[in-house]
Amino acid sequence: MFLRQGGIAMAILGKLNNLTIQYGETIVLKKVKADILKGVRIGVVGPNGAGKSSLLQAIAEGNSGVEWQGAVPDIVYMQQEVKEWTDCVPSVETRKLEEKWNVPESRNCLSGGEGMKMRLAQALAEKAELLLLDEPTNHLDAESVELVIEQLVSYKGTLIIISHDRYFIDKIANCIWEIEDGELNVYKGNYSAALLEKAHIRLTQQRKYDKQQAKIARVESQIDELKSWSGKAHADSTKQEFAKEFYRSKAKRMDVQIRSKQKRLEAELDQERVEKPKEEKAVAFEIAGGSKKGKRVIELKNAGVRFGPRILFDAASFTIQHGERVGLVGRNGSGKSTLFNILRGEQVFSGEVWTTTGMKIGYLSQNVFDLPEEKTPAELFGPQNFEQAGRIRTLMDNLGFGKEHWSQPILHMSMGERVKLKLMEFMLAECNVLLLDEPTNHLDLPSREQLEKTLESFEGTLLIATHDRYFMERLANKLLLFDQERLVKYEGSYREWQDKKAERKENRENEILALETERQAVLGKLSFMQPNDKKYAELDSRFNQLTKEIQAIRTN
């Protein structure tokens with residue numbers, strides 16, 4: 001069987017045919033339908049807890065409601081997070097990708113990003129007919145995301161990818177599956193195109209709904225008017241003996257018109273009732289910043305960390321002031337999470353670290369498995385009085401949790417919902433310093449955007465490690481740069497740093513172009529000379545010098 005997409009006939013690999021996913025009494029997906037086309041790259045989006053991971057698991061396991069056209073395809077499923085990485089000898093293909101993505105050969109002390117790249121390399125090396133990836137960009141730095149995009153765009157098989165990374169999903173997907181309220185909607189194109197189509201559909205539905213509501217109001221007004229006239233005619237038929245039959249006949253005609261109008265309206269609504277477009281679910285964060293504890297908050301003097309022969313950074317000295325929003329910028333494995341551990345007193349280091357008296361730290365780690373999975377939110381937040389319980393319930397409601405989540409074990413919650421539970425700790429305690437290690441990992445798009453707004457108004461001090469470029473651009477007004485075994489503070493915003501970086505790159509390219517032009521000119525002259533000519537040695541020396549300068553610029 002074939003379908004056409006973008007004018008191109010595409011074979012159908014499989015179908016979702018009335019697929020239903022249910023946990024206990026909770027229906028996650030209800031009789032959803034969709035085609036899986038060969039070679040398509042499907043981006044799966046939707047709120048936390050909507051059932052995205054459950055959908056991928058159902059496809060991977062071939063649940064009832066998943067139908068394949070012909071033989072079951074070769075499927076590789078990379079789950080969102082794993083508690084422990086599989087320690088096995090990588091295949092040749094896997095190791096090639098790992099080397100390309102700078103994954104250390106040793107599996108000891110891998111950063112979150114390095115571990116993700118290792119798992120991705122294992123999945124891609126299988127070259128499966130159907131590859132299922134759940135949040136593959138979590139923990140990855142910007143450079144690694146670009147490398148993964150390059151790899152996935154050229155992938156020969158079919159891809160179904162869950163991601164909340166706006167940039168990534170736009171680059172990869174040519175079809176979007178949106179899951180919301182147990183339904184699955186299919187859009188052609190990438191995420192931005194899907195948003196435009198969804199907005200157009202919503203606007204069209206709103207106009208049809210408003211038009212129908214106006215007609216209902218008009219007909220009901222006519223019916224009310226006829227009822228009033230009918231009532232008056234019935235009353236007159238009892239009062240005026242000489243015209244009783246006239247008014248009785250008039251009242252009957254009115255009653256017939258009323259019943260006719262009611263039946264026509266009901267028939268029209270039965271045939272095509274336009275539902276009011278669903279309200280977009282809002283998410284609200286509110287994080288109190290606590291009281292100010294002085295101007296300086298954190299100071300490092302000649303601080304350094306090494307693991308065996310590997311130096312993360314050395315001789316780092318800088319000060320962080322109260323109220324600064326500091327973005328940590330560096331490749332995977334450069335030491336961002338290690339710095340957080342130093343500030344929390346959980347990492348051995350050289351040099352000195354000073355923190356202000358009374359500093360109350362809120363720490364959000366990358367690890368979503370450090371919550372007690374057997375507990376419910378009611379148990380997690382401990383016994384509360386009436387006021388405290390009310391506040392917690394309100395916070396959960398603001399974060400998009402339903403009433404059923406209050407007594408649901410954390411084990412059954414999505415990764416995004418677990419992150420929100422961890423963020424609630426900051427919302428319930430007046431922390432004046434927040435250490436956020438990849439805070440947007442697993443969060444759906446509305447939650448990311450709302451968290452950005454909230455942290456903008458946070459009055460305390462923020463240290464943020466994130467590879468979400470939109471998030472970093474919006475929040476960071478200072479930077480800590482991890483690069484080539486150095487850790488230095490940059491007194492400017494992320495956008496300013498990016499602009500200067502682009503300017504330096506352009507200047508380097510211009511400088512290289514000028515040197516290359518001169519080198520070609522020197523080479524041209526040398527090609528017409530013999531080694532014993534007077535100027536040959538001088539030009540040869542200049543050629544070698546230019547080559548060294550070009551190489552030096554390219555490596556710095």
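Visitor: What share of the contacts in the protein chain with a separation of 6 or more comes from residues 24 or more positions apart?
Guide: In this predicted model, the share is 68%. Two residues count as a contact here when they have heavy atoms within 4.5 Å.

Visitor: Why is Ile172 called buried?
Guide: Buried means under 20% relative accessible area. Ile172 has a relative accessible area of 1%, so it is buried.

Visitor: How many helices and strands does the protein chain have?
Guide: There are 15 helices and 19 strands.

Visitor: Why is the protein chain called more spread out than a compact globule?
Guide: The globule rule gives 24 Å for 556 residues, and the radius of gyration is 32 Å, well over that value, so the chain is more spread out than a compact globule. The C-alpha atoms fill a box of roughly 135 × 65 × 45 Å along the principal axes.

Visitor: What percentage of the 556 residues is buried?
Guide: Buried residues make up 46% of them.

Visitor: Why is strand β8 called largely enclosed by the rest of the structure?
Guide: Strand β8 covers residues 158–162, and five of the five are buried, so the strand is largely enclosed.

Visitor: How do you know that both faces of β8 are covered?
Guide: In a regular strand the side chains alternate between the two faces of the sheet. In β8, Thr158, Ile160 and Ile162 are on one side, Leu159 and Ile161 are on the other, and all of them are buried.

Visitor: What makes β8 and its partners count as paired strands?
Guide: Two strands pair if there are at least two bridges between them. Strand β4, residues 41–45, has four bridges to β8, and strand β7, residues 130–134, has five. Both numbers meet the cut-off, so both count as pairs. Each pairing is in the parallel sense. Arg41 has Leu159 as its bridge partner in β8, and Leu133 has Ile161. The chain gets from β7 to β8 through helix α4, residues 142–153, in a right-handed β-α-β crossover.

Visitor: What makes β7 largely enclosed as well?
Guide: Five of the five residues of β7 are buried, so this strand too is largely enclosed by the rest of the structure. Leu130, Leu132 and Asp134 are buried on one side, and Leu131 and Leu133 are buried on the other. Asp134 stands opposite Ile162 in β8.

Visitor: Which residues of the largest nonpolar core touch the most other members?
Guide: They are Leu16, Val44, Leu55, Ile59, Ile160 and Trp177, in a core of 30 residues. Elements giving two or more residues to this core include β4, β7, β8 and helix α1 (52–61). Not counting residues up to four places away in sequence, Leu55 touches Leu16, Leu19, Ile21, Leu29, Val44, Trp177, Ile179 and Leu184. Apart from this core lies another, of 27 residues, with Val76, Met78, Val103 and Ala128 among them.

Visitor: Which angle of Lys31 is positive although the residue is not a glycine?
Guide: Phi of Lys31 is positive, at about 50°. Lys31 lies in strand β3.

Visitor: Why is Lys31 called exposed?
Guide: Exposed means over 50% relative accessible area. Lys31 has 56%, so the word applies.

Visitor: Is Glu438 buried or exposed?
Guide: Glu438 has 6% relative accessibility, which is under 20%, so it counts as buried. Phi of Glu438 is also positive, near 55°, in a residue other than glycine. Glu438 lies in the loop between β16 (433–437) and α12 (445–456).

Conventions. Residues are numbered from 1 along each chain as its sequence is written. This is a predicted model: local features need pLDDT of at least 70, side-chain atom pairs count only at pLDDT 80 or more; totals for chains, interfaces and linings use all residues. Side-chain values use heavy atoms; hydrogens and water are left out. Buried means under 20% relative accessible area, exposed over 50%, partly exposed in between (1.4 Å probe, protein chains only). A crossover is right-handed if, with the strands pointing away from the viewer, the path from the first strand over the helix to the second runs clockwise. The radius of gyration is taken over C-alpha atoms; the globule rule is 2.2 Å times the number of residues to the power 0.38. A nonpolar core is a set of buried Ala, Val, Leu, Ile, Met, Phe, Trp, Tyr and Cys residues joined through side-chain atoms within 4.5 Å.
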